[in-house]
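Below are my notes on the model, as numbered points. They cover helix packing, the nonpolar cores and a few backbone details.

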Amino acid sequence: MSTKEKAFQSQFKEGAYPFYEELRQENPIFKMSEVHNQTTWMVTRYSDVKELLKTQSFLKDFSKLYPNEDEENVEQTIFSNMMLDLDPPDHTRLRKLVTPYFNPKTISRLSPRIDEIAKELIEDMKNKQGPVDLIDEFAFPLPIIVISELLGVPPEDRNSFRKWSNTIVSASEGEHPQFSQDVKDFVAYLDDLFEHRRTEPKDDLISNLIQAEEEGEQLSRNELYSMVVLLIIAGHETTVNLIANTIYALLQHPDQFNRLKEDHSLIESAIEEGLRYYSPVDFSTARWVEADREFHGTTLKQGDVIFASLSSANRDEQKFENASNFDITRPNNQHVAFGFGIHFCLGAPLARLEGKIAIQHLLTACPNLELAPHTTPSWRKMFLLRGLEQLNVTL
């Protein structure tokens, strides 16, 4: 194993950006690991990342290479039919079912409710004594409430829903002792909720998906499980990171924060720069090499795994002037924080709207917001996502 491979495996969050810069210059198609003759690659340059994300010559559905003949267990059930890991035509069919609920026009109707939630959470924070964790008290609950209501999860079940959501996402950090049991509980809960919505439909996304299933849209029960799990991640976890990471970047750059306080019209631009500077999703999900091929001078073998580093692409000096600077007035900010191509993040319009409203209310209600004394935030050790463990602030 090379020195770079060891460095990547031992610590890939803290100090990642200088590492990505070195890779872009010297080793843009980077060998992350090689196990049992299968190599895992990382693409780091902006132009290469966009090409990888838009081409359909790499597979998302690894079962086309490695058919699984074993009986599915409950954990596989909720992940095996996720459209994020499918190719056309299955991906096209599933995405078509939910796209109308996440287009900008539809999402804009949620603004009044998101306003209410943000105000309530900030008021609760301001009533607490001493520093507060902005993630636990604000950035996390806001999107989980929104996606719960959108899906049709009753308010009394929200805490359990939040717990299961956290387990699913945290499992990517490594072994989670409660994972199997929480997934079983979650599936049992969804079965019960699906049955209730089947007999007593409401004006929510789960009811509409069940209606589509009954009208012959070929949405299987496992696809329904996977869709709900994906919407939790796409509609929730990325937004937690968007809000917290952008606030963190602003707190690290007081000149930019002061400029935003003076001119709230820069909020949307600040959010786009936050998405670029500390991308909520570090890496695209895996793609698989269908047949031996060359990719920008590197030989890839059938069965190899390849990831796009969105964070690296978003700091590429060949694309972004002064790429390592945080600039909330950056023009023409064509970042790839939400991906690119047919797998572009479904929840992007919702995440942007929640981020805009959240930061707007924080600026108005907490103009003296700053990091709590003796605070050094650290990044969660998650592979795909970039999010903070905590963000302790004073209001």
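1. Axes here are lines fitted to C-alpha atoms, for helices over the stretch in contact, and angles run from 0 to 180 degrees between N-to-C directions. Helices (H or I, at least four residues) and strands (E, at least two) are DSSP runs, numbered from the N terminus. The model is predicted, so local features need pLDDT of at least 70 and side-chain atom pairs count only at pLDDT 80 or more, while totals for chains, interfaces and linings use all residues. Residues are numbered from 1 along each chain as its sequence is written, and side-chain values use heavy atoms, with hydrogens and water left out.

2. Helix 7 and helix 9. The axis of helix 7 and that of helix 9 (residues 141-151) come within 10 Å and cross at roughly 145 degrees. The crossing of helix 7 and helix 9 is right-handed; a crossing is called left-handed if the near helix is turned anticlockwise from the far one by less than a right angle, and right-handed if clockwise. On the helix 7 side the contact is made by Arg 113, Ile 114, Ile 117, Ala 118 and Leu 121, and on the helix 9 side by Pro 141, Leu 142, Ile 145, Val 146 and Glu 149. Contact means heavy atoms within 4.5 Å. By class, this contact of helix 7 with helix 9 has eight nonpolar, no polar and two charged residues. Ala, Val, Leu, Ile, Met, Phe, Trp, Tyr, Cys and Pro count as nonpolar, Asp, Glu, Lys and Arg as charged, and the others, Gly among them, as polar.

3. Helix 7 and helix 17. Helix 7 (residues 111-126) also packs with helix 17 (residues 348-365): their axes come within 10 Å and cross at roughly 40 degrees. The two helices are therefore oblique to each other. Angles under 35 degrees count as roughly parallel, over 145 as roughly antiparallel, 65 to 115 as roughly perpendicular and the rest as oblique. Helix 7 passes helix 17 in a right-handed crossing. Residues of helix 7 in the contact include Ile 114, Ala 118 and Ile 122, and those of helix 17 include Leu 350, Glu 354 and His 361. By class, the contact of helix 7 with helix 17 has nine nonpolar, two polar and four charged residues.

4. Helix 9 and helix 17. Which residues join these two helices? Leu 142, Pro 143, Val 146 and Ile 147 of helix 9 meet Leu 350, Glu 354 and Ala 358 of helix 17. By class, the contact of helix 9 with helix 17 has six nonpolar, no polar and one charged residues. The axes of helix 9 and helix 17 come within 11 Å and cross at roughly 135 degrees, and the helices are therefore oblique. The crossing of helix 9 and helix 17 is right-handed.

5. Nonpolar cores. A nonpolar core is a set of buried Ala, Val, Leu, Ile, Met, Phe, Trp, Tyr and Cys residues joined through side-chain atoms within 4.5 Å. The largest has 108 residues, and those with the most contacts inside it are Phe 102, Phe 138, Leu 142, Leu 151, Phe 186, Ile 247 and Leu 260. Helix 13 (residues 221-252) gives the most to this core, with 17 residues. Apart from it lies another core, of 22 residues, among them Ile 29, Leu 52, Leu 300 and Met 382. Not counting residues up to four places away in sequence, Phe 186 touches Phe 161, Trp 164, Ile 168, Val 228, Val 229 and Ile 232.

6. Buried means under 20% relative accessible area, exposed over 50%, partly exposed in between (1.4 Å probe, protein chains only). Ala 139 lies in helix 8 (residues 134-139) and counts as buried because its relative accessibility is 0%. Not counting residues up to four places away in sequence, Ala 139 touches Leu 134, Val 240, Ile 243 and Ala 244. Glu 123 lies in helix 7 and is partly exposed, with a relative accessible area of 46%.

7. Backbone details. The peptide bond from Pro 88 to Pro 89 is cis, with omega near 10 degrees; Pro 89 lies in the loop between helix 4 (74-79) and helix 5 (90-98). His 296 has phi near 50 degrees, a positive value in a residue other than glycine, and at 47% relative accessibility His 296 counts as partly exposed. His 374 has a positive phi of about 60 degrees although it is not a glycine, and at 87% relative accessibility His 374 counts as exposed.
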